[in-house]
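Please read through the following walk along one protein chain. The text starts with the chain as a whole and then turns to single residues.

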Amino acid sequence: ESEDDDDFSDDDGENKENDEDPRLAEERRRDQKAIREIRRRTERADLRKERRRQREMKREEMIEYYERGAYHGKPSGWLLYNVAGLFIDKSDVDGLLWKCIVSITDHYLQCRMPFAAYERAVNEQAQHLA
């Protein structure tokens, strides 16, 4: 009968910590505290990494936006040349070509347009000459 009573004891291991050596219990508490601290530091590091990644993405997005020339319009000399070409004879417009080229080049040199846009603009003006 006593053997059966041992199998159905009310102690489900809840009091294991009370039965342990106090040194082991203290060591377990220190270990758990260290684990919590490591997790906290890891979470903070992950949060910093995520913030840094978001800042970098935003920065790259801004660089891409500005490199597209979205913050500057077309050079005024280029617009003047194109508009003049609509209303004036081609022979009269050729005098404005130099101003158009200078205007486009200035835009490129002042970093208001990327090289690819500069190249397209120059090629477009070269087609007008042909």
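What percentage of the 130 residues of the chain count as buried? The answer is 14%. The model is a predicted one, and the values given here are computed from it. The chain exposes about 11,300 Å², and carbon and sulfur atoms supply 51% of that area.

The chain has six helices and zero strands. Read along the sequence, the pattern is therefore α-α-α-α-α-α. Among the contacts in the chain with a separation of 6 or more, 53% are accounted for by residues 24 or more positions apart.

Trp-78 has a relative accessible area of 6%, and because buried means under 20%, Trp-78 is buried. Which residues is Trp-78 in contact with, leaving aside its neighbours within four places in sequence? They are Cys-100, Ser-103, Ile-104, Met-113, Ala-121, Glu-124 and Gln-125. Trp-78 can also be placed relative to Lys-99: the two are 21 residues apart in sequence, and their C-alpha atoms are 7.9 Å apart in space.

Two of the contacts of Trp-78 are Ser-103 and Gln-125, and each can be followed in turn. Ser-103 belongs to helix 5, which covers residues 90–109. With 14% relative accessibility, Ser-103 counts as buried. Leaving aside neighbours within four places in sequence, Ser-103 is in contact with Pro-75, Ser-76, Gly-77 and Trp-78.

Gln-125 is in helix 6. Is Gln-125 buried or exposed? Its relative accessible area is 3%, so Gln-125 is buried. Apart from neighbours within four places in sequence, Gln-125 is in contact with Trp-78, Tyr-81, Asn-82, Leu-97, Cys-100 and Ile-104.

Helix 6 runs over residues 115–129, and Phe-115 lies in it. Phe-115 is partly exposed, at a relative accessible area of 45%. The C-alpha atoms of Phe-115 and Glu-67 are separated by 9.3 Å, while along the chain these two residues are 48 residues apart.

The loop between helix 5 and helix 6 holds Cys-111. At 58% relative accessibility, Cys-111 counts as exposed. Its backbone has a positive phi of about 60°, although Cys-111 is not a glycine. Most residues other than glycine have a negative phi.

The surface also carries patches. One is nonpolar, formed by Val-83, Leu-86, Phe-87 and Ile-88. Together these residues have about 450 Å² of accessible area. Leu-86, one of them, is in helix 4, which spans residues 76–87. Leu-86 has a relative accessible area of 66%, and since exposed means over 50%, Leu-86 is exposed.

Arg-48 has 43% relative accessibility and counts as partly exposed.

Note on methods
Residues are numbered from 1 along each chain as its sequence is written. This is a predicted model: local features need pLDDT of at least 70, side-chain atom pairs count only at pLDDT 80 or more; totals for chains, interfaces and linings use all residues. Side-chain values use heavy atoms; hydrogens and water are left out. Patches are made of residues with over 30% relative accessible area and no salt bridge: like charges are joined within 9 Å, nonpolar side chains (Val, Leu, Ile, Met, Phe, Trp, Tyr) within 5 Å. Accessible areas come from the Shrake-Rupley method with a 1.4 Å probe; for residues, only the protein chains shown count as cover. A salt bridge is a side-chain nitrogen of Lys or Arg within 4 Å of a carboxyl oxygen of Asp or Glu. Helices (H or I, at least four residues) and strands (E, at least two) are DSSP runs, numbered from the N terminus. Buried means under 20% relative accessible area, exposed over 50%, partly exposed in between (1.4 Å probe, protein chains only). Contact means heavy atoms within 4.5 Å.
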